Amino acid sequence: MMMISTAIASETAHAAASAAPKLEPLHHFQVQKIVPLSLFGWDISITNSSLWMMISVAAILLFFKMALKNEAKVPGRLQSLAEMGFVFARDLVQDNIGDEGRKYFPLVLALFFFVLFNNLLGLIPGSFTATSQLIVTGTLAIGVFILSVGIGVARHGVGFLKTFAPGGLPLALLPLMIPIEVISFLARPVSLAVRLFANMTAGHTVLGVMIFFTVTLPVWAGVIPLSFAVVLTGVEIFIGFIQAYIFAILTCVYINDAMHMH
Amino acid sequence: MISVAHASEGAHAASGGGGLPQFDASTFSSQFFWTLVSFLALLFLLNKYVIPAINRVLDAREKTISGDLSNAENMKKEAQQVLADYQAKLRDSAKKAEQTLADAQKEAAQNREQALKELNAELQKKQDSATEAIEQAKRKAIEEVKVVAADLAIITTQKLISKSVTKTEANKMVTEAISEMESAGSKALN
Amino acid sequence: MDTAAASLIGMGLAAAGMAGSGIGIGYVFGKMIEAVARQPNAESRVSKYVWIGFALVEAIALYGLVIAFIIMGQAG
């Protein structure tokens, strides 16, 4: 690590003066303690990550509170937006799980808005993107995974194991197929967590690199990375929506798979 | 990738083995805890306040819309009722007019029939009286002819008896008698 | 071979894995456009699966990225 660092450092050094800012695009993923706390020997300090998660939650609630201030029959702009998100999540659940899924609608709605607001608030300069933390997305993904397994076991009992042996296969193939199915099943929470975290990390890293170049290059050349950064910010907003949608829809798909085994 | 920060800043280097800060396990417990807490709080609050509120709004709107729709339906029904009434009335009045027309026609026909009958009766009467008058005149004429014929016969017979006549005389007498009778007849007829 | 140099090579190779994901995403959207062009009223149904497929394919590229990051962490 030291070797790489020094190598890069010396390389950047001749691009800019020695006092110039260093290229450290991963720096803003650094979790920093704000209020050290501990519970039964566990470290539960409030960090910048948890602070921005709380800010996101507060922002979601504030958004809905403002939107539903007068519960108008003819909605204003903000209320339309809130209703749109609400109806969107409701249709998502309805289309992917069906009527039985109505129970899980609050979960899907909360997941969608939690991920969305963390993604979007993370784009504010100086803020922290909680969804770029593997453990944050992992917690959500494992929660969804445990829920879907729980639903499957509760509904089908031991029959849930049939998920790993798809019907219509010749017996000879089973020893091959079962491990594949088990792995692909266990990969679900991993891919769910890694997709979100890696998307956010990659996007912000590229953005960080672009902005670094904008700052270090001479003004006439810096315009190019700056315009890239502007476009990428728009792309990141889009990706924030897409990833929240994907997180919500995959949650629905996993719950549906557990409910109605294929 | 590039991670100069770790090498240079002791604080960060102490917290992990380098690489992505995301893989630094020392931050996991606190982030795990706060993710759970904030997500569950969000879920609880959404479930408790936001979802019922939006459902309320959506339900109210749906109710208003369906109420408006049923109102419109009612109004439409009412309008159709009015239209049906109007059409029935129209049909009634048309029927009445037709009835009136038919009555008038019937009456007119009756009147005409009556007048025709009366006229016919009058004519018949006139015809009858005329026929009678003619008949009378005829009878009278015949009566008179009878009288004249008798007179002629008497005169002729008298003349026949008084002298024997030649053929020319006889002819002359007949012509005389006829002309006499003619004059008598025309006198009688007049 | 020097570990630092080897890890740089490994990270580069991991990034090369994105090529496969690029092909995959191209297929996903290309086929979607084809399908929608053929049957425009199926767009809403198709687009749902497209985004799921896109997410699955994109995740593969991101695994490559994560592996690069892991190599970076191990190299130190």
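**View 1. The order of elements along chain B.** Read along its sequence, chain B of this predicted model follows the pattern α-α-α-α, which amounts to 4 helices and 0 strands. Helices (H or I, at least four residues) and strands (E, at least two) are taken here as DSSP runs, numbered from the N terminus. Residues are numbered from 1 along each chain as its sequence is written, while chains are lettered from A in the order in which they are written. As the model is predicted, local features need pLDDT of at least 70 and side-chain atom pairs count only at pLDDT 80 or more, whereas totals for chains use all residues; side-chain values use heavy atoms, with hydrogens and water left out.

**View 2. The surface of chain B.** The accessible surface of chain B, from the Shrake-Rupley method with a 1.4 Å probe, comes to about 14,000 Å², and 60% of that area belongs to carbon and sulfur atoms. Of the 190 residues in chain B, 18% are buried, where buried means under 20% relative accessible area, exposed means over 50%, and partly exposed lies in between (1.4 Å probe, protein chains only).

**View 3. Helix α4 of chain A.** This helix covers residues 105-121, and its end C-alpha atoms are 24 Å apart, which agrees with the 24 Å that its 17 residues should span at 1.5 Å a residue; the expected span is 1.5 Å times one less than the number of residues. Helix α4 of chain A is mostly covered, with 16 of its 17 residues buried.

**View 4. A salt bridge between the chains.** In one of them, the side chains of A:Glu83 and B:Arg61 meet at 2.9 Å, N to O. Because A:Glu83 lies in helix α3 of chain A (residues 77-96) and B:Arg61 in helix α3 of chain B (residues 28-162), the pair joins two chains. A:Glu83 counts as buried at 6% relative accessibility, and B:Arg61 counts as buried at 17%.

**View 5. Salt bridges within chain A.** A:Arg102 forms a salt bridge with A:Asp99, their closest N and O atoms being 3.3 Å apart, and both residues are exposed. Another salt bridge brings together the side chains of A:Glu100 and A:Arg155 (2.9 Å, N to O). A:Glu100 lies in the loop between α3 and α4 of chain A and A:Arg155 in helix α5 (residues 134-156) of chain A, so this pair ties together parts that are 55 residues apart in sequence. A:Glu100 is partly exposed, with a relative accessible area of 36%, and A:Arg155 also counts as partly exposed, at 43% relative accessibility.

Notes:
Salt bridge = Lys/Arg side-chain N within 4 Å of Asp/Glu carboxyl O.
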